[in-house]
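Below is a short note on the model, in numbered points. Please read it alongside the sequence and coordinates.

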Amino acid sequence: MSEDVTMMSGAPPVVDHLAHMGTYESVKEILLAFRPVMHAMAAAVGPGCEVVLHDLSAPEPDLSHTIAAIENGHVTGREIGGPSTSLGVGVIHNQAADHNAFGYRGITSDGRQLRCSSVYFRNSAGRIIAALCMNVDVSAIQQARALLDGLLPHESTSTQEQPEEYFGRDLVSVMDVMIAEAIGEIGKPVDQMSRDDRIAVLTKLDQQGVLQMRKGIERIAARLDISRVTAYSYLDEARTQAPLP
């Protein structure tokens, strides 16, 4: 038996340093213990704090329907019976790893940034059966920071801009991440964006080659809440204004 993990017959290895969390044999048991905690967390942080309990107990969980309980679901637009996130696949297929994570960045479908933490619960066999996640909308803080940054002098830098790389299970998911990142850089929700903000998003995505991907303009238009015709109009304007090489 190694120092790092404990092997259980017919079960995934359990990381020793997670033993202090205890084990639970059902999501119902977890819900009974943590439902008041979920409510307390959401109430203490405020309406911008979503707290979610995901049911991952099935042998092959349907990640499109994992939410067993949720507080402040308006933060991500989800409700009971709703989906997991992109992290769910990795968790289910790598049971042995310590997936607990704290203070990492999440991005909503409309480009808002979240500060997230996730804790995973195991049964006595060492299998992950549930996840408790806390997602705090920090978009208002980002807008305030953008306002303050605009009042401060810009520091010159000679550091060469580094490339950005996006990963996904297919081109559609890669494109969606790129669109979400471009929207997030504006620093405000889509419904508060101006015409110039939307043009800025289209310009960045055009430069990154997203418009060359199949259905690229349609997906961008949908995320920016504008028509396909309007998106093409904005894109033509952006390309006309772009400086010649």
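1. Axes here are lines fitted to C-alpha atoms, for helices over the stretch in contact, and angles run from 0 to 180 degrees between N-to-C directions. Helices (H or I, at least four residues) and strands (E, at least two) are DSSP runs, numbered from the N terminus.

2. This is a predicted model, in which local features need pLDDT of at least 70 and side-chain atom pairs count only at pLDDT 80 or more, while totals for chains, interfaces and linings use all residues. Residues are numbered from 1 along each chain as its sequence is written, and side-chain values use heavy atoms, with hydrogens and water left out.

3. Helix α5 (residues 195-207) and helix α6 (residues 216-224) have axes that come within 11 Å and cross at roughly 150°. The two are therefore roughly antiparallel (an angle over 145 degrees).

4. In this contact (heavy atoms within 4.5 Å), Arg 198, Val 201, Leu 202 and Leu 205 of α5 meet Ile 217, Ile 220 and Leu 224 of α6. By class, six of the residues are nonpolar, none is polar and one is charged (Val, Leu and Ile count as nonpolar, Arg as charged).

5. Five strands form an open sheet in the order β4-β3-β7-β6-β5, with antiparallel pairing (pairing requires at least two DSSP bridges between two strands). Neighbouring strands are turned by 25° against each other on average, direction ignored.

6. Six bridges join β5 to β6 (residues 113-122) in the antiparallel sense; Ile 107 has Gln 113 in β6 as its bridge partner.

7. Helix α1 (residues 27-45) packs on the sheet and touches β3 (49-55), β4, β6 and β7 (128-137). The direction of α1 makes about 170° with that of β3.

Definitions and conventions: Parallel < 35°, antiparallel > 145°, perpendicular 65-115°, else oblique.
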